[in-house]
Amino acid sequence: MAENVRDEMAEKAQFYPGETKIAENRRKYMDPTQELKRLREIPDEDIVRLLGHREPGEEYPSVHPPLEEMEEPECPIRELVEPTEGAKAGDRIRYIQFTDSVYFAPIHPYIRARMYMWRYRGVDTGTLSGRQIIEVRERDLEKISKELLETEIFDPARTGVRGATVHGHSLRLDENGLMFDALRRYRLNEETGEVEYVKDQVGVELDEPIPVGKPADEDELKERTTIYRIDGVPYREDEELIQVVQRIHELRTLAGYRPDEAEGK
Amino acid sequence: MAEKEEKLFMKALKEKFEEDPEDVTTHFYDYGGWKQSERKREFKEWADKIAEERGIPHYNPDIGVPLGQRKLMPYQVSGTDVFVEGDDLHFVNNAAMQQMWDDIRRTVIVGMDTAHRVLERRLGKEVTPETINEYMETLNHALPGGAVVQEHMVEIHPGLTWDCYAKIITGDLELADEIDDRFLIDIEKLFPEEQAEQLIKAIGDRVYQVLRMPTIVGHICDGATMYRWAAMQIAMSFICAYKIAAGEAAVSDFAYASKHAEVINMGEMLPARRARGENEPGGVPFGILADCVQTMRKYPDDPAKVALEVIGAGAMLYDQIWLGSYMSGGVGFTQYATAVYTDNILDDYVYYGLDYVEDKYGLAEADPDMEVVKDVATEVTLYGLEQYERYPAAMETHFGGSQRAAVVAAASGCSVAFATGHSQAGVNGWYLSQLLHKEGHGRLGFYGYDLQDQCGAANSLSVRSDEGLPLELRGPNYPNYAMNVGHLGEYAGIVQAAHAARGDAFCVNPLVKVAFADPDLVFDFTEPRKEFAKGALREFEPAGERDIIIPAE
């Protein structure tokens, strides 16, 4: 349905301004018509273990009966909005939260938020500097998490799955290139060259490590990243983006102060 | 762009970390946890003793998150050579910080002219410089806890209230000449000539008394106690000094004048949802805080330092004490607040902005228009963000996005204020900086941090009732500012930046500016950051101690 609505929109969604590779990546990740490139396979069971909300194979705990068994009141919104599979089943709302390093992580907080809002339904997302959470009905969350972990927007060294004690995004990298994690939820397996989680997202130890793939090299990260940096693509060079932000600021200022002057600007 | 060696933060970064500040990698997990910190070791030792003596578990750094998996970095207090541990900057661990707030809270200014008119016209008493001096001597006996009217009265040990006294401010230079030096805050002596002229003109011939209530009373009672305590002792001292009847109706005029008509509190009363009386931090407007800080009279040619000292004072008062304790409690807010007054990072950005606007526009010479806001705020924001990118040690120092957002926006707002001499334009520059930062770095602060910055532009130029105020008169209780850290002290700094650029002796109230120039205050308001460093080193001597009435250790 969301796709139809977009098709009927008078204006074509531009997703994000900017004339650099970084802006292009931002647009790409937000644009739901662009398929994210799959870089690794993580078994469904491992994703469930990493999330730590239920045991693999366990029934989804529910907070209400399936919608079809509930006598819901007549409501035009209910008729208009198709429930997600998790909502239909009455699943709990659970979360996955990421920390993205400032050192060329593939995606980072506000771009994540906008990507989530463009691509997924039934999500509630919160954005901070050091972490970015998405809360969803549990079975929907597992599907979304799989995409978030297996595709190009995840890098095992520069992206962390962290429910608590999240700091690391702004710290220098460890000697092996991994982002700092005070709870040491993951480690670099020297033999396989892969990063593997030894704790779930809140730091509870796992019975078996979960491999999440090899870290990308620096050049590849610079190609995939949404982060402007002075040692990559400097923000200063994206004049279009800066001008758009300045314009938004000017219009907001005028709208509060002299709305008449904002007309036509 | 300033060269690497000129960066003001370089010394701090080299001291904090063993690696070159430009290195992207380091090592972790091998620092020995919390034991790497001398302060944490001291805390643990004390806590173990307390737990053993009392039988209840106490502080234990092995509980919760594993502290010290990375370097527990020291902090250089900006504008000083002093390096301290972060813990030493929590206000509970820092006596200077406590005293800064004590000295603001316990200050009340009361006009004397109404009382003098009542004495002269209604009671037929003569008011002369001599009688004013006699009154002041009486007040300096009564205010710390001396009895003046009843003959059988308990009194307060002067050793507990040594910091309590009263002085006089006036712009009437003839009268000032005749006031006993012990009671006069001498504007001509304390301020550079140009500033003294402004202050004397603004105050005019009126006479004010500045009262400092005992610090210990502020600790036990609250800010609203201060003007009541002052009013009671003022009324008693008038009765005593001018030999008038304690019970006659005219006395109520002294009380009314002292409590209402002529009183100037440092903080306004707060509404029920924040439920505090007068003289509490949430009621101190930005312009009043800027006037408390005295850097302008000591460093009149250094507007950056003038603004930075206000920001340091404001971050401590508004973020650490008000939001971090009155409104929430605990330890988290110190980490946000210290970013603006440690390691000279904000200093570097503010001086960069000052140089930029001096070269391009001249101090306070640009029109406060959108083109100037856009130019200056954009340049300073980009410079600030680039320093975090160029120096990973700086990024790690300000490891929270709110810290970086506050620092970059403060530098931008101050720089616009330097260029225009206009605080409203300055705060508009702050909001542009926040939007630029958010899109550039793709992250800003925590959920609540960003909130006011998304909508701030829309109210930044409004001065109509219920929509806005001049920035000088906004404060922590301004609706959009009431809930979050990393903004309030910086806004006070933007106010100060505008007035420093203009060469103004004061921002809002000349009386407040003069009252805090008083050298007998316990806290030295000329350089708050230096005082904080002294407090961190445990070298600051505060007031309000109880040693003389408790068993000796």
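1. The model is predicted; local features need pLDDT of at least 70, side-chain atom pairs count only at pLDDT 80 or more, and totals for chains, interfaces and linings use all residues. Residues are numbered from 1 along each chain as its sequence is written, and side-chain values use heavy atoms, without hydrogens or water.

2. Chain A gives 47 residues to the contact and chain B gives 55 (contact: heavy atoms within 4.5 Å). About 4,700 Å² is buried between them, 57% of it from carbon and sulfur atoms (accessible area, 1.4 Å probe, lost on being put together, summed over both parts). Of the area that chain A buries against chain B, A:Arg172, A:Arg236 and A:His249 supply 18%, more than any other three residues.

3. Six salt bridges are counted between chain A and chain B (a side-chain nitrogen of Lys or Arg within 4 Å of a carboxyl oxygen of Asp or Glu). A:Arg236 and B:Glu379 meet in a salt bridge, at 3.0 Å, N to O. On the side of chain A that touches chain B, helix 9 of chain A has the largest share, 11 residues (helices: DSSP runs of H or I, at least four residues, numbered from the N terminus).

4. B:Asp319 sits in helix 14 of chain B, residues 303-326. Where is its nearest side chain of opposite charge? That side chain, B:Arg274, is 13 Å away; B:Asp319 is buried and has no salt bridge (buried: under 20% relative accessible area, 1.4 Å probe, protein chains only).

5. The backbone nitrogen of B:Gly486 lies 3.2 Å from a polar side-chain atom of B:Asp319. Beyond four places in sequence, the contacts of B:Asp319 include B:Phe333, B:Val485 and B:Glu490.

Notes:
Chains lettered and ligands numbered in written order. Helix = DSSP H or I, 4+ residues; strand = E, 2+ residues; numbered from the N terminus. Buried < 20%, exposed > 50% of the residue type's maximum accessible area, 1.4 Å probe, protein only. Lys, Arg positive; Asp, Glu negative; His and termini not counted. Polar contact = N/O pair within 3.5 Å; in protein donor to acceptor, adjacent residues only side chain to side chain. Buried area = accessible area lost by both parts, 1.4 Å probe.
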